[in-house]
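My notebook is open, and I am ready to look a few things up. Here is the structure I am working from.

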Amino acid sequence: MRTACALGMNVAVIFYSRYGGTAALAAAVAQGARQAGATVRLRRVADLTAIEDRWSAANERIRAAREHLASVPLAQQDDLFWADGIAIGSPARYGAMCAEIRRFLDGSRQPSGDLAGKVASVFCSPSAVEGAQRATLTATLGSLAGHGVLVQAPARAEMDAEMDPTSRAARRDGPPRASADHAPAELDLAPARALGRRLARRESRTRG
């Protein structure tokens with residue numbers, strides 16, 4: 001029986017992160033995919049504007065996140081074409097994917113259908129706005145579906161499938177999942193790792 005590693009499965013984890021929360025989730029997705037035997041490219045999407053052009057109160061936090069992510073390569077269209085499985089991460093911007101991810105995905109629409117048949121999923125950082133996370137996931141999946149990809153369930157659905165009833169109840173009834181510094185709590189990283197593992201495993205079954 002062939003494994004994902006033997007199949008040479010490739011997973012691209014592509015994200016945009018302003019404060020570092022979505023980046024932490026992306027790293028967890030990449031970790032999960034590697035645990036399943038995949039070769040992973042972790043890539044960040046570039047800012048649309050310079051840090052100095054953003055509101056001044058947040059600039060220091062944004063600079064700190066940029067410094068932390070400086071070693072992560074910028075995403076290119078070729079990363080999408082290289083991958084067998086794709087995970088896209090965006091902050092939850094009031095129920096819509098961020099403009100940076102929108103621009104990146106809009107540039108990947110190819111008449112030849114180069115993304116058709118690839119497995120893709122999405123993830124996003126927590127939001128204090130009710131319903132924003134679910135709406136962002138739905139919007140991002142809709143954009144990917146337009147490229148002909150095979151949709152894998154978002155991170156939280158994946159985590160529910162792997163948790164026992166007691167753990168699921170504790171996660172539902174626990175405290176808000178967005179901390180003061182926008183860094184995800186452990187309960188946010190666990191479903192992200194589960195998404196990465198299942199994305200790799202599903203793609204290996206699709207190919208095998």
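Predicted model: local features only at pLDDT ≥ 70, side-chain atom pairs only at ≥ 80, totals over all residues.

I started with the cysteines: Cys98 is buried, with a relative accessible area of 1%. Cys124 is buried too, at 5% relative accessibility. (Buried means under 20% relative accessible area, exposed over 50% and partly exposed in between, with a 1.4 Å probe and protein chains only.)

Residues are numbered from 1 along each chain as its sequence is written, and side-chain values use heavy atoms, leaving out hydrogens and water.

Next I looked for disulfides, meaning pairs of cysteine sulfur atoms within 2.5 Å. I noted zero by this rule.

Then I turned to the sheet. I found five strands in an open sheet, paired in parallel in the order β2-β1-β3-β4-β5. Strands β2 (39-44) and β5 (150-151) each have a single partner strand, so one side of each lacks a neighbour in the sheet. (Strands are DSSP runs of E, at least two residues, and helices are runs of H or I, at least four, numbered from the N terminus; two strands pair if DSSP finds at least two bridges between them.)

Which strand do six bridges join to β1 (residues 10-15)? I found that it is β2, running parallel to β1. Ala12 stands opposite Arg41 in β2.

Last, I checked Leu189, which lies in helix α8 (residues 186-207). Leu189 counts as buried at 18% relative accessibility. Its C-alpha atom is 8.1 Å from that of Val29, 160 residues apart along the chain.
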